[in-house]
Every structure is written in structure tokens, then in C-alpha cells.
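Let me put the structure up and we'll walk through a few spots in it.

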Amino acid sequence: MREEQLVEIVLPGIVEPEGLRVRRSPLPQPGPGQVLVAVEATGVSFAEQQMRRGRYYDQPPFPFVPGYDLVGTVTATGPGTDPALAGRRIAALVKTGGWASHVLLDPADTVDVPDGLEPAAAETAVVNGITARQLLHRHAEVRPGQTVLVHGAGGGVGLLLAQLALAAGAQVIGTASARHHDALRALGVTPVDYRTGDVPAQVRRLAPGGVDAVFDHVGGRSVLDSWRLLAPGGTLVAYGSAATRDDTGSKQWPVLKVLARTWWWNALPNGRRAHFYNIWAGRTLRPARFRARLRADLTTVLEALRRGELTAPIAARLPLTEAAQALRLAESGTVTGKVVLVP
């Protein structure tokens with residue numbers, strides 16, 4: 001019988017998807033305080049699309065293994081780690097390293113996946129679910145009866161965000177391409193086509209007094225428009241710079257510009273608030289609090305997904321070694337849902 005190997009997808013530099021490399025090496029053994037996880041599903045998120053262009057704000061130096069999140073089963077435990085963890089299915093947010101057949105993790109950074117939720121389905125809601133829940137409840141604190149605007153409501157984060165906002169009793173306006181509109185209407189979202197016409201004008205017609213919260217992943221000019229759409233007492237949460245994905249130059253500058261704007265707006269006596277969301281905020285300075293929040297938020301989302309209260313479509317399932325094709329598909333803008341890699 002051939003000995004099991006570690007298979008990883010390596011991003012060697014700024015390359016086209018076909019430039020990804022497959023690396024094979026001996027299977028690692030967990031050290032003290034670690035568990036070895038056999039990855040059952042990992043995904044292609046917007047972060048990997050930025051990373052291959054060298055555009056993600058704090059990505060590591062090349063070469064490295066991408067993969068922002070994963071779902072898998074603990075197969076071995078290291079010294080000082082509870083042996084009872086073996087056999088447990090977990091989800092983890094890792095930022096990099098997820099595109100692999102196996103990963104070494106600290107058990108404190110894992111969250112149990114509820115029984116009855118298969119790995120690929122759970123994978124669709126790890127980074128996207130944590131982000132959506134924290135945007136809505138920890139930053140905007142959306143309440144029943146409010147009206148919110150979700151940019152990219154047909155996307156991975158946006159779709160979960162729209163559903164969570166509806167569950168919280170809010171009315172939701174969502175920007176999306178026309179092919180998503182019927183599905184969004186079926187959920188109870190009022191869609192706006194961002195590809196045709198003046199988006200701010202369309203939103204103002206739907207909410208003449210402004211909206212109570214805007215969730216903006218686009219960055220650039222969109223953040224200014226989003227701020228101006230807020231009603232008195234409203235909250236803007238910016239959480240990305242998708243508009244600059246294909247730009248060249250500094251990868252930090254688009255983020256710093258949004259940060260500077262939020263600081264300036266919050267200093268003004270206008271009764272509105274602005275935040276820039278970073279999913280990793282507090283990880284270094286307050287690790288216990290960071291982990292507790294992540295565990296609570298991801299557990300809530302996974303349970304809602306298991307009960308059928310949330311929908312997070314799987315666009316495609318591809319073998320890990322076909323990561324280049326998966327990345328191309330995710331970047332094409334032609335699919336709905338998350339592209340999942342299955343080692």
C-alpha cells in the first residue's frame with residue numbers, strides 16, 4: 001500500500017491560474033498542542049483571486065499555499081492534545097494553507113461542524129458566514145424594521161448577509177447582476193441592477209429617506225456613494241476593495257484610503273457611523289475574545305444552514321489538483337455560489 005502523502009497547491013508568484021503548482025511531500029505529524037486534519041473541502045474566495053495578483057492587503061511573500069478556510073476531519077492528535085478530538089469534523093478559518101490534503105491546526109482555532117451538514121455545504125459558509133454575521137450583528141447592529149443595502153447580494157458574503165438581515169426583521173435592497181434577481185426576489189430581497197443606470201438614484205427611489213445600513217465590499221467610488229445613502233443614525237460597513245482587484249501599484253493604498261475616510265467621517269458631527277471590517281481584528285491582541293466570537297458566529301451560521309434557514313449554493317466541486325480550473329471558474333463571474341475544492 002502506498003504511503004499517504006501531503007498534497008498542496010502552491011502559488012509561486014503573480015501568475016495566471018495555470019501557474020499554480022502541485023507539491024507532494026511526506027505527511028506531517030502533529031506537534032505538541034496540534035491536530036492533523038484531513039481536508040474534505042476548501043474553497044475559492046475573493047481573497048485567493050486577489051492573492052494571485054499580489055493584491056491582498058497582508059498576504060505572505062511568495063511562494064505560499066493559498067486557501068482561506070476549510071472543513072475536514074481530525075485524524076491525529078499531538079502530545080498534550082486531547083485524543084478524543086480524533087474523528088471530529090471541524091471547520092477552520094486559516095487565511096492561507098487551506099488548499100491542501102492535510103493541515104496542522106491548533107484545536108482552539110477549530111469549530112465543530114454539526115452532524116447532518118456535509119463538508120462542501122459547510123465550507124460555503126465558513127469565511128462567508130463569519131463575515132456576514134459579524135458585519136450585520138457586531139458592527140451595524142441591524143434591528144427589526146430597518147432598511148439595509150447589501151452590495152453584491154448575489155455573491156458569497158452578500159447572499160448570506162441578505163438572508164441574515166431578513167431573518168433579523170430588516171428590509172433588504174440588494175445590488176446584483178440581473179441573473180440573480182429572481183432568486184433574490186424569492187428570498188424577499190428587492191434587487192437593483194448595478195450594471196444599468198445610476199445605482200444611488202435607484203436606491204433613493206426605493207428608500208427616499210436613506211437606508212439604515214450599507215454593506216460595501218466594492219471600495220473606491222462606491223464607498224462615497226454608500227455613505228451618502230445613509231439615513232440619519234445610519235451605519236456604513238466597508239469590508240473590501242473589489243473594484244481594485246485588477247489594478248496595479250500598492251495593494252495597501254485602496255484599503256488605507258477607505259480606512260482614512262471612515263476615520264474622517266466618524267470625526268464629523270453627523271450622527272452617522274462608518275467602519276472598516278477586518279475579519280482578523282483582535283486576533284493578536286485579544287486572542288481568547290477573537291476565538292470566542294468566531295466560534296459563536298460560525299456555530300450560529302452552520303446551525304442555521306443545517307436547519308435549512310440559510311442557503312449557500314455550491315457552484316461547482318472540483319478535485320484539489322484542478323485548482324487552476326476552479327480559480328478560473330470563480331473569477332469568470334458566470335457561476336452562482338462558491339467553487340469548492342475537494343481533496
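Predicted model: local features only at pLDDT ≥ 70, side-chain atom pairs only at ≥ 80, totals over all residues.

Lys95 isn't a glycine, yet its phi is positive, near 70°. Is Lys95 buried or exposed? Buried counts as under 20% relative accessible area, and Lys95 comes in at 13%, so it goes down as buried.

Now hop over to Glu141, in the loop that runs between helix H3 (127-140) and strand S8 (147-150). Here's another non-glycine with a positive phi, about 50° this time. Glu141 has a relative accessible area of 45%, so we call it partly exposed.

Next up, a peptide bond to look at. Phe62 and Pro63 are joined in cis, with omega at about -10°. Where's Pro63? You'll find it in the loop between helix H1 (46-51) and strand S4 (69-77).

Last stop, the inside. The largest nonpolar core is made of 71 residues, and the ones with the most contacts within it are Tyr68, Trp99, Val148 and Phe215. Apart from that one sits another core, with 18 residues, including Val192, Val223, Leu229 and Val258.

That's my tour, thanks.

Notes:
Residues numbered from 1 in each chain as written. Heavy atoms only, no water. Core = buried A, V, L, I, M, F, W, Y, C linked by side-chain atoms within 4.5 Å. Buried < 20%, exposed > 50% of the residue type's maximum accessible area, 1.4 Å probe, protein only. Helix = DSSP H or I, 4+ residues; strand = E, 2+ residues; numbered from the N terminus.
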